[in-house]
Amino acid sequence: RATANVAAAALEFLAEADGCFCRCRAQGAGQLLDQMENFGQLQLDICWAYAMLGDTDRLPDAEARLQVAERMIKRQVDSNFLTLAEVKAEQGSTLPP
């Protein structure tokens, strides 16, 4: 139950951050936000909080947020890196950070 309490508390802050990003986008900073990795990470963090809460009512929102996060990650990570990571993973190796 403690984990759910932490997730609920975190979700309040994450929702506030999401609102700030949305206000920035509404003020014309959408192109800047599309370049920031923080926004994609925020989407993942919100989904993680939903999962920790077991909140199935928010599955449609979580799915939309995961799609945004995936798009952002794909924009920021070189496709060759992803291919190399897959090959290394299949070989049981890891990539340096």
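In helix α3, the residues A62, R65, V68, A69 and M72 are buried, where buried means under 20% relative accessible area and exposed over 50%, with a 1.4 Å probe and protein chains only. They lie on the same side of α3, because they cover an arc of only 125° around the axis, an arc taken from the directions from the helix axis to the C-beta atoms. The face of α3 turned away from this buried side carries L59, P60 and K74, which are exposed.

This is a predicted model, in which local features need pLDDT of at least 70 and side-chain atom pairs count only at pLDDT 80 or more, while totals for chains, interfaces and linings use all residues. Residues are numbered from 1 along each chain as its sequence is written, and side-chain values use heavy atoms, with hydrogens and water left out.

The protein has four helices and zero strands; helices are DSSP runs (H or I, at least four residues), as are strands (E, at least two), numbered from the N terminus. Buried residues make up 23% of the 97 residues.

A search of the whole structure finds one aromatic pair. F21 and F39 form this pair, edge-to-face, at 5.1 Å centre to centre and 70° between the planes; rings pair if their centres lie within 6.5 Å, and planes over 60 degrees apart count as edge-to-face. F21 lies in helix α1 (residues 2-35) and F39 in helix α2 (residues 37-53), so the pair ties together parts that are 18 residues apart in sequence. Both F21 and F39 are buried.

Conventions: Phe/Tyr/Trp six-rings, centres within 6.5 Å; stacked < 30°, edge-to-face > 60°.
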